[in-house]
Amino acid sequence: MTGRARARSRGRARGQETAAPGAFSKSQTQEPTPAPAPPASGELVGRGRQKGAPGPFSAEAVLQISAGFHQVKLGERGGHRRDVHDAGVNTRQAMEHVKESKSGTSGVAIQLSANFFRILSRPRWVLYQYHVDFKPPMESRRLRSALLFHHEEALGSARSFDGAQLFLPHRLHSKETVLYSETRNGEKVQITVTLTNELPPTSPVCIQFYNIIFRRILRILNMQQIGRNYYCPSDPLNIPQHRLTIWPGYTTTILQYESSIMLCTDVSHKVLRSETVLDFMVNLRQQCGNQRFPEICTKELIGLIVLTKYNNKTYRIDDIAWDHTPNNTFKRGDTEISFKNYFKTQYGLDITDGNQVLLVSHVKRLGPSGGPPPGPAMLIPELCYLTGLTDKMRADFNIMKDLITHTRLTPEQREDRLNRFVTNIQKNTDAQAELDKWGLNFDKQLLNLTGRVLPGERIFQGPRSYEYNPWAADWSKEMRGIPLISSPPLNNWLLFYTRSNDGKAQSLLQTLGRVSAPLGIRMQRAVLIQYEDHQESLLRALQHNVGPQTQMVVVILPSSRKDKYDSIKKYLCVDCPTPSQCVLSRTLSRPQALMTVATKIALQMACKMGGELWSVEIPLKQLMIVGIDCYHEAGKRSVGALVASLNQGMSRWFSKCVLQHKGQEIMDGLKMALSAALRDYLKFNNCLPSRIIVYRDGVGDGQLHSVVNYEVSQIIDSIKSIGHDYMPKLSVVVVKKRISSRFFTYVNGKVSNPPPGTIIDSEVTRPEWYDFYIVSQAVRTGSVSPTHYNVVYDTSGLKPDHMQRLTYKMCHMYYNWQGIIRVPAPCQYAHKLAFLVGQNIHREPSVHLDDFLFYL
């Protein structure tokens with residue numbers, strides 16, 4: 001009954017000078033009208049011609065259909081690269097102890113390769129930046145590019161245009177140049193090109209410009225842009241039995257790293273579905289009838305991400321305009337135009353169904369000149385494709401297995417794909433000509449660098465300690481039969497089950513009795529309570545039987561219905577605070593696996609009641625480690641969670657959750673939570689911590705500025721609220737999992753994943769940051785993903801080596817997995833808490849549960 005929260009990037013892209021067609025201005029009343037896709041200004045690209053693709057889709061469909069696999073993000077609408085924005089944050093210069101060196105020393109050296117390619121040569125001339133204005137406004141970026149590029153004699157052949165900004169390697173004769181063009185329909189267009197900036201080769205904007213040029217190279221290779229990345233329609237992977245096609249593609253970013261500017265590129269995949277929203281609505285109407293259609297359609301569509309066929313951009317459906325059709329009009333400039341005519345003139349698209357209703361998407365971009373958003377966008381169902389996988393598809397083992405076969409690449413396959421990608425660029429004469437035109441040249445080989453492998457940690461459990469296999473990063477076998485550090489005796493607990501699961505309830509009870517004794521868990525027999533298999537009966541049974549003396553509630557659920565799980569957690573986390581454990585009946589259906597399952601359930605029950613399972617050696621005294629994460633439910637309130645250690649062994653935790661209003665900063669609510677954690681630490685230890693390390697997870701691209709400039713000061717204010725003379729040493733570390741960096745090593749001559757404990761703190765780190773990568777976990781299949789740590793504030797004076805080792809130690813302390821995880825334990829605890837509250841409870845849990853890991 002657990003799930004993973006999908007983090008969403010929240011950065012905003014700069015708006016276009018022209019408003020979205022039909023969007024409301026401040027002076028307009030909200031008439032029937034916001035229109036399709038507001039043009040994306042920031043991607044700094046135009047569109048190339050696209051060749052057809054083999055497979056189940058027609059050439060026209062290839063240009064139009066597309067979808068997101070797992071990571072369709074609201075932020076990814078072709079806006080400015082937010083990772084480029086993060087490059088302006090220089091935090092290292094404020095930390096004296098890492099100005100000279102931020103490298104650690106512990107461990108054994110290991111030779112690695114990384115998915116980075118050096119730029120061997122780059123331009124040495126000044127780049128001229130121009131702003132381009134169109135009268136009348138042209139919404140289609142492709143049309144704007146075509147109109148401007150008619151004037152090659154005036155502009156020259158070396159040029160780059162994103163729809164608003166034009167970059168040239170030479171200066172035009174005058175500061176403002178006026179050009180005239182004509183559309184195919186005979187409409188006269190005045191183009192004004194105004195010089196805005198002269199950029200030396202060292203300018204950060206030049207780095208952004210290299211990204212523009214590289215995306216042009218991808219289009220020359222006939223790749224299709226979807227969201228932020230580019231995909232190969234000419235090389236599809238078909239899964240005909242599920243009516244799905246995968247487009248392979250690449251993520252690419254050019255940035256200034258430690259010693260040189262490099263291209264970081266990784267393999268990406270998009271799953272394509274050939275179903276439009278209109279197809280979906282027609283099928284749904286046939287299934288449920290006209291009467292129930294509006295209600296069911298709203299429930300099914302709102303919240304889904306769609307992709308528009310006319311500009312390959314993703315939008316979230318926020319509402320359905322039942323009283324609008326494509327025949328409705330909106331104001332464009334001074335004239336009224338229907339949606340039908342707009343799409344015909346702007347994109348050459350015919351809308352066949354004139355009676356279809358319109359979809360509403362609240363666009364999250366700024367309006368002209370940084371003003372408010374221009375209003376919601378109206379989308380035509382016929383021109384929108386559903387993206388990604390439905391929940392039903394995700395739950396289908398066969399579909400996911402077939403997808404993983406194609407998308408989960410081994411290190412050898414991944415390295416081969418990356419090498420082939422760069423070779424294709426080198427061999428393509430048009431691509432090379434474009435690079436030569438701008439004086440750019442890339443290395444042909446993956447970057448080689450040296451990392452370090454930290455020694456394995458010793459696990460302390462009860463009276464004993466042991467080591468584990470460092471390559472497996474798992475101690476589930478080693479911990480068997482050893483008592484836990486501590487576990488409260490379980491004398492009064494309830495087990496709820498349905499009649500059909502009577503046998504499974506008895507088996508579970510017997511097996512729990514057998515596994516609990518060797519673990520040192522004293523467990524009395526549970527009171528068995530049978531309930532009818534519907535939500536009201538279960539809730540009634542809980543209300544009648546759970547009392548103040550109840551230490552634990554275990555519920556065997558016959559199915560994974562969310563409403564039933566939600567009602568249990570709401571009642572036992574808010575109304576009647578009691579630690580609880582839900583178990584699906586199918587988990588108990590295999591007798592041969594029952595001992596393993598019962599052991600994991602016993603461990604969860606123990607730590608939910610305040611038990612301590614294991615520990616590692618933490619040399620620092622009076623240390624508090626804090627984890628912060630957040631959960632964003634699209635269009636609704638966000639949930640911020642803070643989890644803080646309470647003891648020297650990092651085995652007891654304080655947990656607090658706050659529900660935020662839309663647009664509110666996450667630390668506004670968590671300030672109080674941090675103060676409460678410090679007071680709890682004082683009660684627990686009779687002293688306050690002398691050192692606090694905060695791991696901040698859930699920071700999207702482009703949000704680093706907010707963490708550095710706002711959140712750090714809020715954390716300091718929260719600490720000061722305990723007492724003006726209280727000044728502990730403080731470190732704030734931003735933890736990032738969604739990164740493109742990959743590392744490989746060679747084992748027995750074969751490309752392999754680096755071992756757990758691998759640290760990378762040179763070459764591919766950023767010169768302006770105190771940052772490092774750790775590969776902490778082991779994976780059985782595919783390529784391992786490193787985690788990036790960026791220390792944005794540090795008055796602790798800890799050596800980089802000690803910061804890295806402490807971070808790695810904390811990855812051993814997550815009690816829901818007998819092994820090393822990808823992030824420090826408090827981050828994962830905060831993630832679990834925020835996810836439970838955001839997904840299931842929707843209210844702040846009771847304060848009586850603050851000292852328990854009740855959300856595991």
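Me: In what order do the 12 strands of the open sheet follow one another?

Reply: Strands of a sheet pair through backbone hydrogen bonds, either parallel or antiparallel. In this predicted model, the 12 strands of the open sheet run in the order 31-30-29-32-33-38-37-36-22-1-34-35, and their pairing is mixed. Strand 31 (653–660) and strand 35 (750–752) are the edges; each has a single partner strand, so one side of each has no neighbour in the sheet. On average, neighbouring strands of this sheet are turned by 30° against each other, direction ignored.

Me: In which sense do strand 30 and strand 31 pair?

Reply: Strand 30 (residues 638–645) pairs with strand 31 in the antiparallel sense, over 8 bridges. Within this pair, Ala641 stands opposite Cys657 of strand 31.

Me: Which strands does helix 18 lie across?

Reply: Helix 18 (residues 800–810) lies across strand 22 (447–453), strand 29 (623–632), strand 31, strand 32 (691–696), strand 33 (729–736), strand 36 (758–760), strand 37 (770–775) and strand 38 (787–794). The helix runs at about 40° to strand 37.

Me: What span should the 20 residues of helix 16 have, and how far apart are its end C-alpha atoms?

Reply: At 1.5 Å a residue, helix 16 (residues 666–685) should span 28 Å, and its end C-alpha atoms are 28 Å apart, which agrees. Just after this helix, Asn686 takes a positive phi of about 60°.

Me: Which residues of helix 16 are buried, and what covers them?

Reply: An α-helix has 3.6 residues a turn, so residues three or four places apart point the same way. Among the buried residues of helix 16 are Ile666, Met667, Leu670, Ala673, Leu674, Ala677, Leu678 and Tyr681. Their cover includes strand 29, strand 30, strand 31, strand 32 and helix 17 (704–720).

Me: Is Asp86 buried or exposed?

Reply: A residue counts as buried under 20% relative accessible area. Asp86, found in helix 2 (residues 82–86), has a relative accessible area of 6% and is therefore buried.

Me: How far apart are Asp86 and Gly702 in sequence and in space?

Reply: Asp86 and Gly702 are 616 residues apart in sequence, yet 5.2 Å apart in space, C-alpha to C-alpha. Leaving aside residues up to four places away in sequence, the contacts of Asp86 include Gly700, Asp701, Gly702, Lys736, Arg766 and Trp769.

Me: How many disulfides does the structure hold?

Reply: A disulfide is a covalent bond between the sulfur atoms of two cysteines. The structure holds 0 disulfides. Cys384 is buried, at 0% relative accessibility, and Cys576 also counts as buried, at 14%.

Conventions:
Residues numbered from 1 in each chain as written. Predicted model: local features only at pLDDT ≥ 70, side-chain atom pairs only at ≥ 80, totals over all residues. Heavy atoms only, no water. Pairing = 2+ DSSP bridges. Helix = DSSP H or I, 4+ residues; strand = E, 2+ residues; numbered from the N terminus. Axes fitted to C-alpha atoms, helices over the stretch in contact; angles between N-to-C directions. Contact = heavy atoms within 4.5 Å. Expected span 1.5 Å × (residues − 1). Buried < 20%, exposed > 50% of the residue type's maximum accessible area, 1.4 Å probe, protein only. Disulfide = S-S within 2.5 Å.
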